Amino acid sequence: MTDVTRSRPLSPHLQIYKPIPTMVMSIVHRITGGALYFGTILVAWWLIAAASGEAYYDWVSWLFGTLLGKLVLFGYTWALVHHMLGGLRHFTWDLGYGYEKHFATKLAKATIVGSVALTVLIWVVGYLVRY
């Protein structure tokens with residue numbers, strides 16, 4: 001290998017590209033998909049606890065009710081909402097709409113704003129209905 005070929009990057013990487021909203025939302029969509037995989041284990045755990053008896057269910061409910069538990073559940077809710085909105089964004093592209101650069105950028109920004117707003121709304125409504 002010569003010095004010239006050694007100094008060249010093998011392929012463009014993140015330090016070459018300037019992050020743009022559509023790229024960032026694509027990456028976050030993939031991350032939230034992975035997070036949902038692990039978060040669904042929490043849902044299954046909760047269902048198993050409900051089927052296992054009152055004492056175990058109470059313990060799991062207590063754990064999910066702690067500050068750390070609530071933060072994890074809040075993050076799971078956000079990942080679920082964000083992944084859903086990202087999926088709807090991809091669906092519009094599948095239908096052939098929204099490819100214009102300015103519109104795709106606005107839609108990417110709306111995805112992050114919408115996911116945060118909907119997550120907060122879900123939790124506020126959840127607390128209002130609970131009490």
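Me: Is His83 buried, partly exposed or exposed?
Reply: His83 counts as partly exposed, at 24% relative accessibility. Buried means under 20% relative accessible area, exposed over 50%, and partly exposed in between, with a 1.4 Å probe and protein chains only. This is a predicted model, where local features need pLDDT of at least 70, side-chain atom pairs count only at pLDDT 80 or more, and totals for chains, interfaces and linings use all residues. Residues are numbered from 1 along each chain as its sequence is written, and side-chain values use heavy atoms, with hydrogens and water left out.

Me: What feature does UniProt place at His83?
Reply: The unreviewed UniProt entry lists a "binding site" there, at His83. UniProt positions are in the numbering used here, feature names are shortened, and annotations may be inferred rather than shown by experiment.

Me: Which helix is His83 in?
Reply: His83 sits in helix α4, residues 67–94. Helices are DSSP runs of H or I with at least four residues, strands are E runs of at least two, and both are numbered from the N terminus.

Me: And what is His83 in contact with?
Reply: Leaving aside neighbours within four places in sequence, His83 is in contact with His29, Thr32, Gly33 and Leu36. Contact means heavy atoms within 4.5 Å. With Thr32, the side chains make a polar contact at 3.0 Å. A polar contact is a pair of N or O atoms within 3.5 Å; within protein, one must be able to donate a hydrogen and the other to accept it, and residues adjacent in sequence count only if both atoms are side-chain atoms.

Me: Which residues does Trp78 touch?
Reply: Trp78, also in helix α4, touches Val28, Thr32, Ile112, Ser115, Val116 and Thr119, not counting residues up to four places away in sequence. The C-alpha atoms of Trp78 and Thr119 are separated by 5.4 Å, although the two are 41 residues apart along the chain. Trp78 is partly exposed, with a relative accessible area of 23%.

Me: How many residues does α4 have, and which of them are buried?
Reply: α4 has 28 residues and reaches 40 Å from its first C-alpha to its last, close to the 40 Å expected at 1.5 Å a residue. That expected span is 1.5 Å times one less than the number of residues. Its buried residues include Gly69, Tyr76, His82, Arg89 and Trp93. The buried residues of α4 pack against α2, α3 and α5 (101–130). After α4 comes Gly96, with a positive phi near 95°.

Me: Changing topic: how many aromatic pairs does the structure hold?
Reply: Seven. Rings of Phe, Tyr and Trp (its six-membered ring) pair if their centres lie within 6.5 Å; planes under 30 degrees apart count as stacked, over 60 as edge-to-face and the rest as tilted. Trp46 and Tyr57 have ring centres 6.2 Å apart and planes at 50°, so the pair is tilted. Trp46 is in helix α2 (residues 21–52) and Tyr57 in helix α3 (residues 54–65). Ring pairs also link Trp45, Tyr56, Trp59 and Phe64 into a cluster.

Me: Which residues does UniProt list as transmembrane region?
Reply: The unreviewed entry gives 27–48, 60–81 and 110–129. Over residues 27–48 the chain is 100% helix, with the end C-alpha atoms 32 Å apart. Residues 110–129 are 100% helix too, with end C-alpha atoms 27 Å apart.

Me: How many helices and strands overall?
Reply: Five helices and zero strands. Of the 131 residues, 21% count as buried.
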